[in-house]
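Please walk through this protein with me, one part at a time. Keep the sequence and the 3D view side by side.

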Amino acid sequence: MKAAVLIEAGKPLQIEQINIANPGPHEVLIRTAACGLCHSDLHFIEGAYPHPLPAIPGHEAAGIVEAVGSEVRTVKVGDAVVTCLSAFCGHCEYCVTGRMSLCLGGETRRKPGEAPRLTRPDGSIVNQMLNLSAYAEMMLVHEHACVSINPDMPLDRASVIGCAVTTGAGTIFNACKVTPGETVAVIGCGGVGLATINAAKIAGAGRIIAADPIPEKRALAMKLGATDTIDALADDAAAQIQELSKGGVDHAIEAVGRPASGELAVKSLKRGGTATILGMMPLSHQVGLSAMDLLSGKKLQGAIMGGNRFPVDIPRLVDFYMRGLLDLDSIISQTIPLERINEGFDQMKRGDAARSVIIFDQ
């Protein structure tokens with residue numbers, strides 16, 4: 001199969017022919033239909049987050065099941081599926097207490113000493129990134145890393161549900177449990193931020209304030225449900241949010257991974273408000289609350305993948321799209337072939353587009 005391989009951090013991905021194994025007992029072989037370009041992959045590509053190399057990035061994908069292992073019970077050949085990086089074992093403490101996104105998923109990977117899922121033609125190992133490696137014509141994953149969806153769902157739209165939308169919507173519905181009338185500020189209007197704004201609208205949030213330095217993204221945020229927008233780099237950005245929300249917001253959600261954005265989220269809160277950090281901050285960075293923030297009942301939390309329960313959440317999000325509630329069409333800015341993947345990441349670094357999606361030939 002053809003795949004985009006990260007050989008050295010900081011260097012462009014290389015298109016190579018890669019061998020993929022047959023599915024084991026609990027594994028699913030998927031022909032990839034579409035895969036979104038996510039900023040999380042860029043962190044690994046640029047070396048900000050370490051990963052064994054060579055590796056195939058990509059984790060926001062949809063496709064069709066080609067084959068299943070002997071023990072697979074959740075999907076069948078021919079199913080349309082969305083993959084999710086928060087693969088879960090199903091029986092650890094986190095899984096049985098309903099916090100599946102916190103499962104470390106060790107049992108969803110092949111064990112040391114077993115044949116690798118991905119290799120080069122010379123037999124050398126290619127590492128699988130985030131249990132998926134979706135910048136490839138096929139994926140071999142554990143059955144608990146994918147979920148079947150409505151076959152009428154367009155797969156290019158379905159792909160972005162696998163990360164950006166699951167993270168943004170999951171934060172609103174699961175991690176923050178936003179109730180009708182509550183105020184929400186979203187800092188960063190990329191794919192995750194836009195999905196967060198759209199979900200806040202679905203949840204009935206009263207005021208939804210979008211903060212981003214790029215005017216085109218602020219306009220897109222308004223289309224997706226924001227009631228107000230501000231320039232996130234303005235010196236008085238926090239004061240503007242405080243004024244618009246009449247004293248601060250109930251929920252401030254950081255969706256870009258910049259230290260300054262985390263500080264803005266905290267400064268935007270009302271008494272008793274909650275700041276939620278979604279973006280991948282620099283590994284050495286810390287976000288905190290002051291003593292006065294704590295005395296004011298403010299809270300700070302992380303929400304990996306939005307605290308999702310993806311086998312339940314993803315089909316519901318598909319249904320939201322099919323019913324016209326979830327606007328995936330506006331989140332996706334362009335579709336490109338695999339050969340233009342580096343061009344897509346260059347555009348992401350410029351920050352002038354929402355979500356690019358790779359389309360594979362079917």
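Predicted model: local features only at pLDDT ≥ 70, side-chain atom pairs only at ≥ 80, totals over all residues.

Residues are numbered from 1 along each chain as its sequence is written, and side-chain values use heavy atoms, with hydrogens and water left out.

Start with Asp41. Asp41 sits in helix H1, residues 39-46. Helices (H or I, at least four residues) and strands (E, at least two) are DSSP runs, numbered from the N terminus. Is Asp41 buried or exposed? Asp41 is buried, yet has no salt bridge. Buried means under 20% relative accessible area, exposed means over 50%, and partly exposed lies in between (1.4 Å probe, protein chains only). A salt bridge is a side-chain nitrogen of Lys or Arg within 4 Å of a carboxyl oxygen of Asp or Glu. The nearest side chain of opposite charge to Asp41 is Arg355, 7.2 Å away. For charge, Lys and Arg count as positive and Asp and Glu as negative, while His and the chain ends are not counted. Leaving aside neighbours within four places in sequence, Asp41 is in contact with residues including His59, Met129, Tyr135 and Phe345. Contact means heavy atoms within 4.5 Å.

The axes of H1 and helix H11 (residues 341-350) come within 11 Å and cross at roughly 105 degrees. That makes H1 roughly perpendicular to H11. The axes are lines fitted to C-alpha atoms, for helices over the stretch in contact, and angles run from 0 to 180 degrees between N-to-C directions. Under 35 degrees counts as roughly parallel, over 145 as roughly antiparallel, 65 to 115 as roughly perpendicular, and the rest as oblique. On the H1 side, the contact is made by His39, Asp41, Leu42, Ile45 and Glu46. On the H11 side, Phe345, Met348 and Lys349 take part.

Now look for rings. How many aromatic pairs does a search of the whole structure find? The search finds 4. One of them joins Phe44 and Tyr49, edge-to-face, at 6.1 Å centre to centre with 65 degrees between the planes. Rings of Phe, Tyr and Trp (its six-membered ring) pair if their centres lie within 6.5 Å; planes under 30 degrees apart count as stacked, over 60 as edge-to-face and the rest as tilted. Phe44 is buried at 12% relative accessible area. Tyr49 is buried too, at 17%.

Phe173 and Phe320 form another pair. Their ring centres are 6.2 Å apart and their planes stand at 70 degrees, so this pair is edge-to-face. Phe173 lies in helix H3 (residues 155-175) and Phe320 in helix H9 (residues 310-322), so the pair ties together parts 147 residues apart in sequence. Phe173 is partly exposed at 31%, whereas Phe320 is buried at 18%.

Next, check the backbone. The peptide bond from Leu53 to Pro54 is cis, with omega near 0 degrees. Pro54 lies in the loop between H1 and strand E5 (55-56). Asn131 has a positive phi, near 70 degrees, and is not a glycine. Its loop runs between strand E9 (127-128) and strand E10 (138-142). Asn131 counts as buried, at 9%.

Finish with charges. A search of the whole structure finds 19 salt bridges. Glu27 forms one with Arg110, the closest N and O atoms being 2.7 Å apart. This pair links distant parts of the chain: Glu27 in strand E4 (residues 27-36) and Arg110 in the loop between helix H2 (93-96) and strand E8 (118-119), 83 residues apart. Glu27 is buried at 5%, while Arg110 is partly exposed at 23%. Asp228 forms a salt bridge with Arg207, again with closest N and O atoms 2.7 Å apart. Asp228 lies in strand E14 (residues 228-230) and Arg207 in strand E13 (residues 207-211), so the pair ties together parts 21 residues apart in sequence. Salt bridges that share partners also join Glu27, Arg110 and Arg117 into one network.
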